[in-house]
Amino acid sequence: AEQALIIDGKAAAASLRAEIGLEVAAIKARRGLVPGLHVVLVGDDPASRVYVASKEKLAAEIGMSSVAHRLPAETSEAELLAKLAELNADDSVDGILVQLPLPKHIDTGRVIDAIDPAKDVDGLHPINAGRLAGGKPGLVPCTPLGSMLLVKSVLPSLSGLEAVVVGRSELVGRPVAQLLLQADCTVTIAHSRTRDLAATCRRADILIAAVGRPGLVKGDWIKPGATVIDVGINRLPDGKLTGDVDFAEAVKVAGAITPVPGGVGPMTIACLLRNTLTAFHARRG
Ligand code: NDP
């Protein structure tokens, strides 16, 4: 039987990191400067700790300076804002990322608003979200950026294609829809109130699932030959990770599909490094 091309996000991310590493080395050699990524972690959420450690490790691997600021769970909002003001003012800091979620006593929106938009490598500051919505250059959230690179790795041209995004979060659904629109797709954004999700998905030449519901997207929701990007990361009761798409069914219908794990996930961190370099160039030339 025919089977979809399985998009290797791990390999794509490794080659993207290698490319960024070469650029970092060139900047170091020519100008004696080292792009710097600063990650701020408040509290000791175990998943967040793992994410921060892997961001630190991968940044260091490509020769970036990477600093994790680990603050205690009791850190007040004012203390966190003071930390951000310090990083905003430090010229050697190119990228600032506040690891989410924050403890409940801290207002996440106020914290994101306090990051210098020029250093906002997560692309979540309203200035960057507004730039993206206006089709202007800015820093773009990492998971949407990584998803687009994977789409482009299998489709030479996106112009005129039907794209359906399931999910409308600020972090994934909305920004990836904006990027698809910029690439001249005809974009539909579906969500929990969408009336006939199956029929909507079936129209998609490019289907992006960013929901957080294991196996929501069934094989018969997929147009034969479609490119399917599964952003979902869901932990099953047995501890295994799975996506928002029923992979076993979808792989028989799609033209290309990302696996979970090993699809979008690795691209997200690689794009964080990409954004740090983008921020470096925008600020320091
Ligand atoms: P959110 O919970 O913020 O958003 C989920 C979206 O899915 C909402 O817009 C919601 O609709 C919609 N939705 C929920 N249930 C349904 C349904 N039954 N039918 C249709 N739409 C539905 O999640 P995120 O966008 O932050 O993340 C989505 C997934 O991606 C998660 O699994 C997350 O773990 C994963 N993720 C993966 C990353 C990676 O690096 N690969 C990075 C970030 C996230 P409504 O707005 O109407 O409530």
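**Around Arg-168: a short tour**

Let's begin with Arg-168. Arg-168 has 17 C-beta neighbours inside 10 Å, so Arg-168 counts as partly exposed. The cut-off for buried is 20 or more. One caution before we go on. This is a predicted model.

Where is Arg-168? Arg-168 lies in the loop between β5 and α7. What does Arg-168 touch? Setting aside residues up to four places away in sequence, Arg-168 touches Gly-173, Arg-174, Ile-189 and His-191.

Now step back one residue. Gly-167 is found in that loop too, between β5, residues 162–166, and α7, residues 173–182. Is Gly-167 buried or exposed? Gly-167 has 24 other C-beta atoms within 10 Å, so Gly-167 is buried. Compare that with Arg-168, which is partly exposed with its 17.

Who surrounds Gly-167? Leave out the neighbours within four places in sequence. Then Gly-167 is in contact with Val-172, Gly-173, His-191, Ala-210 and Val-211. Keep Gly-173 and His-191 in mind. Gly-173 and His-191 are also on the list for Arg-168.

Let's follow one of those contacts. Val-172 is found in the loop between β5 and α7. Val-172 counts as buried, because there are 25 C-beta neighbours inside 10 Å. Leaving out residues up to four places away in sequence, Val-172 touches Thr-143, Pro-144, Gly-167, Ala-210 and Val-231.

UniProt, in an unreviewed entry, has an annotation "binding site". That annotation covers Gly-167, Arg-168, Ser-169 and Ile-233.

Now the ligand. Which residues come nearest to the ligand? There are 26 residues around it, and the nearest are Gly-167, Ser-169, Ser-192, Gly-212 and Thr-268. So what sort of residues make up the shell? By class, the shell has 11 nonpolar, 12 polar and 3 charged residues. Helix α10, residues 264–284, gives the largest share of the shell, with 3 residues.

Next, the strands. Strands of a sheet pair through backbone hydrogen bonds, either parallel or antiparallel. Here is a sheet that includes β5. 6 strands form an open sheet in the order β1-β11-β8-β7-β5-β6, and the pairing is parallel. The edge strands are β1, residues 5–6, and β6, residues 186–190; each pairs on one side only.

Look at β7 in that sheet. β7 runs parallel to β5, and 4 bridges join them. Within those strands, Val-164 has Leu-207 of β7 as its bridge partner. Val-165 has Ile-208 of β7. On to β8. β7 and β8, residues 227–230, pair in the parallel sense over 4 bridges. Ile-206 stands opposite Thr-227 in β8.

What about the two faces of β7? β7 spans residues 206–209, and both its faces are covered. Ile-206 and Ile-208 are buried on one side. Leu-207 and Ala-209 are buried on the other.

Take α7. α7 lies across β5, β6 and β7, running at about 170 degrees to β6. Now take α6, residues 142–154. α6 lies across β1, β7, β8 and β11, residues 256–257. Its angle to β8 is about 155 degrees.

There is another sheet to find. 3 strands form an open sheet in the order β3-β2-β4, with parallel pairing. Which strands are the edges? The edge strands are β3, residues 65–71, and β4, residues 95–98. The twist averages 15 degrees from one strand to the next. β2, residues 36–42, pairs with β3 in the parallel sense over 7 bridges. Gly-36 stands opposite Ser-65 in β3. Helix α2, residues 46–61, packs on this sheet and touches β2 and β3. The direction of α2 makes about 170 degrees with that of β2.

One last record. In the unreviewed entry, UniProt lists residues 7–122 for "domain: Tetrahydrofolate dehydrogenase/cyclohydrolase catalytic". That span is 50% helix and 16% strand, and its end C-alpha atoms lie 24 Å apart.

Back to where we started. Arg-168 is partly exposed, and Gly-167 is buried. Find that pair, then trace β5 and α7 on either side of their loop. Thanks.

Terms used. Residues numbered from 1 in each chain as written. Predicted model: local features only at pLDDT ≥ 70, side-chain atom pairs only at ≥ 80, totals over all residues. UniProt positions renumbered as here; feature names shortened; annotations may be inferred. Buried ≥ 20, exposed ≤ 12 C-beta atoms within 10 Å, placed from the backbone. Contact = placed C-beta atoms within 7 Å. Near = placed C-beta within 6 Å. Nonpolar A, V, L, I, M, F, W, Y, C, P; charged D, E, K, R; others polar. Pairing = 2+ DSSP bridges. Axes fitted to C-alpha atoms, helices over the stretch in contact; angles between N-to-C directions.
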